[in-house]
Every structure is written in structure tokens, then in C-alpha cells.
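Work through the exercises below with the structure in view. Try each task before you read its solution.

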Amino acid sequence: MRKRILLVLAAGKGTRMKSPVQKVLHPLLGKPMLTRLVGSLSALGPDKVYVVVGHEAEAVSKVARSFGAETIFQEPQLGTAHALLTARKKLLEEGEADLLIVSGDVPMVPIEELSLFLSGFSGSGELASLVSVSLEDPFGYGRVLRDTGGGIKRVVEEKDATPAQKTTREVNSGIYAMKIPEVFPYLDRIDAGNQQGEYYLPDLFSLIYAEGKPVGCFKGSVPERYLGINSQLELAKAEDRLRVSILNRLLSEGVIIKMPDTVWVEPEAEIAPGVIIHPFVKICGRTRLSGGVEVMSFSTLIDTVVGYGTVVRENTLCEMTVVGNDCKIGPCAHTREGTVIGDRARIGNFVETKKAVLSDGVKANHLSYLGDVTVGAGTNIGAGTITCNYDGENKLPTVIGENVFIGSDTQLVAPVEVESGAYVAAGTTVTKKVPSGALAISRVRQENLEGWAEKRKKKKEQKQG
Ligand code: UD1
Ligand code: CA
């Protein structure tokens, strides 16, 4: 098989997005559209991936490098053919190859179809081929014009098309396969004599055609997957199409989703059959939900693993958390990065955890902050318990043993340890180790002033009289 090289065009400004963020960096269900695109194209097994960058080059390059692509800097951006010519030097170093060119703004391309397109092209004598689709509304796209024999003759851009040409519904998807180095002499001959004064890559086809050499055209069968994203409306529509396709797959696999129109699940999530997802839930990143999990409304799970039978109640946010089996989390809990919760634990209302390792059966039911802490099995954390883990410079650890009872409104001033089986009285400020089996108490002894209220009343009356 010939070498396969992938070239993604992403140097354009994306003016129609009206956004300070470069077009291809806009997230599509949680990941930049460029990442989604290259992620799916990697299934084609390219030997090398290049991304042409220009506008916001640094930000785009950073993302491109994160998936191992090499970037090519195009400045100024004089059109799609100019983008390819900018990459010429690098591409020539690759020797003979099939080059797949994709615009960075078509992130939903169907890979199975592109695989057929590429293998068909490889075995053909064509110098270049493009993927076309037929659209109900072809406005804005380059139209594919064919000769009487049905062969592809040229592509004409919306702005250059005559009214008759505009009635053509077959459009250029912006996805091409080319044989390198053979196409470069033709690319050199593309000029910018058009309405936009740009070097158009699709002009390549008329140049090759004029010499009577073969060019190809592959008709895509799912037009909506080839739609370019040029505006926020198009992005929102594409994102919704992808979202619905994920929910439909999950429903077909036996996941129970109430009011799916309101549920957001990102493609990387893994959800077992029988999981129940209530309205207005967001499941993001590499979240994994085991069977029997129930996620109640307005909760968001990000990169979180949840064990069998656990219920995540309303308005809970879990980030980079691992939760065991048969737990109850929330309502209104916030578990942050590095939280690891054992089985049968209970994290209740307004409890925030961070880098907290909470063993089996731990209960923290109300109003607590547990940061940089390990808590042994069976320990009860009373309402309003706070780990004072930050001294203004460093984060400091708290260690709590097994079967400890921490009374309400306790402050644990880290670094500090409460050993297994110890008790801490309500309202205590723990500043030193509590040994196993001891009771720590640090509060001013209560004094009752008998008859105080009556005396106060009399005083007031005397003043008024
Ligand atoms: C392009 C095609 C059009 C096709 C459509 C499909 C041209 C001239 N037209 O139009 O036939 O129907 O895609 O979506 O190619 N880019 C660069 N450098 C440049 C200019 C553009 O890297 O100098 C990149 C852009 O960032 C973008 C891609 O090339 O990712 C396509 O450019 P865009 O301006 O979106 O082209 P369209 O007008 O959509
Ligand atoms: Ca486009």
C-alpha cells in the first residue's frame, strides 16, 4: 500500500463564527472540533498528520501537537490551494504518497465512507479525487460541474457561479485525495483570478481535466456528515446531531434516559445498560457508569467513575472522582479531582471533597469541606466539619482513622491525625493528634446565668418609666 498522509486545513480565520476563539478550536461535545476530526480520521491509519495553521496559530498548534500532528505555518492565508502549496516542501519529503486533504471545519465525516473513498482512489489512475454530496440547500458551497459523460469538469464557488450553475445541488465537501508528488505541477498553475482573489484548491480539477487526465469524484451518501461548520448556528446544529446520535445508541443499548432532549452525553463516556439518567444531566469526558447507577436531574459528571448501584442525587457535580458501589452522593454535593470514595459511603448536601480518600461506609452527610484527607472505613463526619488544609502557602494533609466519630462543627487544622476509634466533640478545633479511643474536646465550658432574661426585662422597664 502507498503511504497515506493526512493534511488538515485550519489556517483560515473563520470570520463567520464571530468569535475570539479560532474556528477549529470551538468544542464539539467537549473536545475541539479539530481534535474530534483528527481523532476519527486516525482510524484510516495515516502515516503522518499535518495541520496547516495561520490564524491563532499558537493555540491551534498546541491542540495539533497534543495528538501528534506536525504543523505548517501559512501566512498570509491566500486560499486553500495556497495552503497546500505552503505544505509542499514537507510533503515532498514524504516521497510518493496518497494525500488526504480535509478542511478542519468538517468534524463529523463518516469514516467508513472515507475509507472506501481512499482505497478506491489508491487503486485508480486518478491524480486527484474529491468527495461530493447533494444538498437540498447548496448555498455557500462550491458546485460540482460535470461534462456530458458525467465526468467531473470543474468546481465553481458560490461567489463565482452563474445563476444557472447555482441551481446545481451537487457540492464539493472540501475533502480530497491526491497523488503526491504528481499533483504539484498542476497546483502551481492555479491563479487567483476569481471574485475572492484567492487561490482555490478546487481549481485543480479543471486544470487536470483540461489535459484529458482522469479525476475522480466519490458521492457521499450521508450529506449531513459532510456539512462544514462556518457559524455558531451550524456548530450548534452539528453538536446537537452528534448528541442525539449518542443518546440513540445508548437507548438502543438499554440505558434508561428520561427526557433525552435535555440530556448531554459526550462520546467518550461509557454507560452500562440499565443505568437511569434523569432530565438535565450532563455526562462528560471519560465518565464510566456501572449497571444500577442512577443520576438525578441537574447533575454533572466529568471524568468520573461510578460503581454499581450508586445514586447521584440532584444538583451534584463530580469531577475526576472515583465512587464505589451502593453509595449515595448528593443532593448538592461537589466532589473534586482526586476524590476516591469506597463502597456504601454517603456524601450529602453541600459537602465538598478534594483529594479525599474516603473508605467504605464513610458518612459525611451535611455542609463539609474535606480536602487532602484520608478517612478510614465506617467513620462519621459531622455536619459542618472543615479540614483546614491550607496555611496560605502549602496544602497540608489530614488523616482520620477507622470508626472515628467527628462531631459537628469541627475544624481539623492540618497537618493533623485522628486515630481509629477516637471521638471528637462537637465544636472542637483539632490542632494535635487525637489518640485511638480518646475524646478530643476544645471548647469553652458553658455557663448559665440563671434568671438573666427576667432581670433584663426589669432593667428596660425602669429606663422607660
Ligand atoms: C471550501 C471550498 C468549497 C467547498 C467547501 C466545503 C475552496 C475555495 N472552496 O469553501 O468548494 O464546497 O469548502 O466545506 O476551497 N484555509 C486555510 N488557508 C487558507 C484558506 C482556508 O487553511 O488560506 C482553511 C480554512 O481554515 C478551512 C478550510 O481551509 O478549514 C476551508 O476554508 P473555508 O474558508 O471554510 O472554505 P469554504 O468557503 O467553506
Ligand atoms: Ca468551510
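**Exercise 1.** Decide whether R243 is buried, partly exposed or exposed, and find the residue that meets its side chain in a salt bridge.

*Solution.* 
1. This is a predicted model. R243 has a relative accessibility of 7%.
2. Buried means under 20%. R243 therefore counts as buried.
3. The side chain of R243 meets that of D240 in a salt bridge, at 2.9 Å from N to O.
4. D240 is partly exposed, with a relative accessible area of 37%.
5. Both residues belong to helix α9, residues 232-252. They are 3 residues apart, so about one helical turn separates them.

**Exercise 2.** Work out which parts of the chain the salt bridge between E136 and R169 ties together.

*Solution.* 
1. The two side chains meet at 3.7 Å, N to O. The cut-off for a salt bridge is 4 Å.
2. E136 sits in the loop between β7 (128-134) and β8 (143-146).
3. R169 sits in the loop between α6 (163-166) and β10 (170-180).
4. The pair therefore ties together parts that are 33 residues apart in sequence.
5. Now check accessibility. E136 is exposed at 70%, while R169 is partly exposed at 40%.

**Exercise 3.** Describe the salt bridge between E314 and R313, then name the residues linked with R2 in a network.

*Solution.* 
1. The side chains of E314 and R313 meet at 3.5 Å, N to O.
2. E314 has a relative accessible area of 27% and is partly exposed. R313 is also partly exposed, at 30%.
3. R2 is linked with E96 and D98 in a network of salt bridges.
4. In total, the structure holds 22 salt bridges.

**Exercise 4.** Compare the counts of positive and negative side chains, and state how far apart the centres of the two sets lie.

*Solution.* 
1. There are 55 positive and 55 negative side chains.
2. The centres of the two sets lie 6 Å apart.

Note on methods:
Residues are numbered from 1 along each chain as its sequence is written. Chains are lettered from A and ligands numbered from 1 in the order in which they are written. This is a predicted model: local features need pLDDT of at least 70, side-chain atom pairs count only at pLDDT 80 or more; totals for chains, interfaces and linings use all residues. Side-chain values use heavy atoms; hydrogens and water are left out. Helices (H or I, at least four residues) and strands (E, at least two) are DSSP runs, numbered from the N terminus. Buried means under 20% relative accessible area, exposed over 50%, partly exposed in between (1.4 Å probe, protein chains only). Lys and Arg count as positive and Asp and Glu as negative; His and the chain ends are not counted. The place of a charge is taken as NZ of Lys, CZ of Arg, CG of Asp or CD of Glu.
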